[in-house]
Amino acid sequence: MAASRPVPGRATAPASDPVRASAPLPGAAAHPLAEPAQPGDLLLYRLVKLAASSGRLITRLCERTHGITRREWGVLMWLAQEPGLPPSVLAQRLELDRARVSRAVTSLQAKGLVRKSAAPAGQPASALHLTEEGSRLHAALWPQVRAINQQLARSLDADHLEQLARGLAQLQEEAARLERQAPEAPPFPPRSGGARHREPAGSPPAS
C-alpha cells in the first residue's frame, strides 16, 4: 500500500505530538475532573478524600501502636532522612507552619524521641536529631508505613504508576505556579476561646 501524502497547504502534526494525542475527540465529553459539575468531581476533593481514608490507617498505627500522633511521625520521618534539620526547614518539609511543628517537636522531646542541639556558630537556628529511642521507633514504624503505601501502589500496574508519577509531578508544578501568582493570603487568625486552628483544605498529611 502506498504511503499517504500530505495534502498541499494543510499542516500535519506528527503522530507522537503529545498535545494532539491527548486532545479529546470532537463531540467527546470532557472528563469530570477537567470540567467538574459537582463536589465529587473536584480534583482536590478526590485527593483529600484519598489522603484522609488511607491516612486513617497511618493515624491508627501511630497512635494505638506507638503512642505518637501522625504529625509527630512526620517529624520523625524527616529527621531520620535528614538529621540535623533546623525547625524552619522541617516546617517546609512538612508543609506546616512553625507553630505546629514547634508543638510536635516539644511533644517528641518530652517523650524522649527528639533532641535539640545548640545552633552552630554563625547559624541562627538549632538542629534537631532523633534520640536513640527515636531511631528505634522510626526503625519499627517505617516498614509498617511503607507497607501500607506499597499495598496502595500495587492496585495499579506499572504503566499506571508511571502515569501517576508524571501526573503528580505536573500537578505539583502547576499548583506551585498558581500559588506564586495568587495574592498573598492573610495569616490564620490567632487561637481564641480554645478553638483550634483550622487546617487549610488539602493540607498534606504525613504518610
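Visitor: Welcome me in with the overall layout: in what order do the elements of the protein chain run from the N terminus on?
Guide: Happy to. This is a predicted model, and its protein chain has 7 helices and 2 strands. Read from the N terminus on, the elements run α-α-α-α-α-β-β-α-α.

Visitor: What share of the residues of the protein chain count as buried?
Guide: Let's start with the surface, where the chain exposes about 15,300 Å², with carbon and sulfur atoms supplying 56% of that area. For residues, the cut-off for buried is under 20% relative accessible area. Of the 207 residues in the chain, the share that counts as buried is 20%.

Visitor: Which element gives the most to the largest nonpolar core?
Guide: That core has 26 residues, and Ile68, Trp73, Val75, Leu76, Leu90, Val114 and Leu141 have the most contacts inside it. Helix 2 (43-66), helix 3, helix 4, helix 5 (98-110), strand 2 (127-130) and helix 6 (132-153) each give two or more residues to this core. The top contributor, with 5 residues, is helix 3.

Visitor: Are helix 3 and helix 6 roughly parallel or roughly perpendicular to each other?
Guide: Their axes are 11 Å apart and the packing angle is about 105°. The contact is made by Trp73, Leu76, Met77 and Ala80 of helix 3 with Leu137, His138, Leu141, Trp142 and Val145 of helix 6. Angles of 65 to 115 degrees count as roughly perpendicular, so helix 3 and helix 6 are roughly perpendicular.

Visitor: Now for charges: how many salt bridges does the count come to?
Guide: Side chains of opposite charge can pair when their charged atoms come close. The cut-off here puts a side-chain nitrogen of Lys or Arg within 4 Å of a carboxyl oxygen of Asp or Glu. By this rule, the number of salt bridges is 6.

Visitor: Where does glutamate 82 lie, the residue that pairs with arginine 93?
Guide: In this salt bridge, the closest N and O atoms of arginine 93 and glutamate 82 are 2.8 Å apart. Arginine 93 is partly exposed at 33% relative accessibility, and glutamate 82 is partly exposed at 24%. The two are 11 residues apart, with arginine 93 in helix 4 (residues 87-94) and glutamate 82 in the loop between helix 3 (70-81) and helix 4.

Visitor: Does arginine 100 count as buried or exposed?
Guide: Its side chain meets that of aspartate 97 in a salt bridge, 2.2 Å from N to O. Aspartate 97 is partly exposed, with a relative accessible area of 32%. Arginine 100 has 5% relative accessibility, and the cut-off for buried is under 20%, so arginine 100 counts as buried.

Visitor: In which helix do glutamate 174 and arginine 177 both lie?
Guide: Their side chains meet in a salt bridge at 2.5 Å, N to O. Glutamate 174 is partly exposed at 34% relative accessibility, and arginine 177 is partly exposed at 32%. They sit 3 residues apart, about one turn of the helix, and that helix is helix 7 (residues 158-181).

How values were computed:
Residues numbered from 1 in each chain as written. Predicted model: local features only at pLDDT ≥ 70, side-chain atom pairs only at ≥ 80, totals over all residues. Heavy atoms only, no water. Helix = DSSP H or I, 4+ residues; strand = E, 2+ residues; numbered from the N terminus. Buried < 20%, exposed > 50% of the residue type's maximum accessible area, 1.4 Å probe, protein only. Areas by Shrake-Rupley, 256 points an atom, 1.4 Å probe, with all protein chains shown as cover. Core = buried A, V, L, I, M, F, W, Y, C linked by side-chain atoms within 4.5 Å. Axes fitted to C-alpha atoms, helices over the stretch in contact; angles between N-to-C directions. Parallel < 35°, antiparallel > 145°, perpendicular 65-115°, else oblique. Contact = heavy atoms within 4.5 Å.
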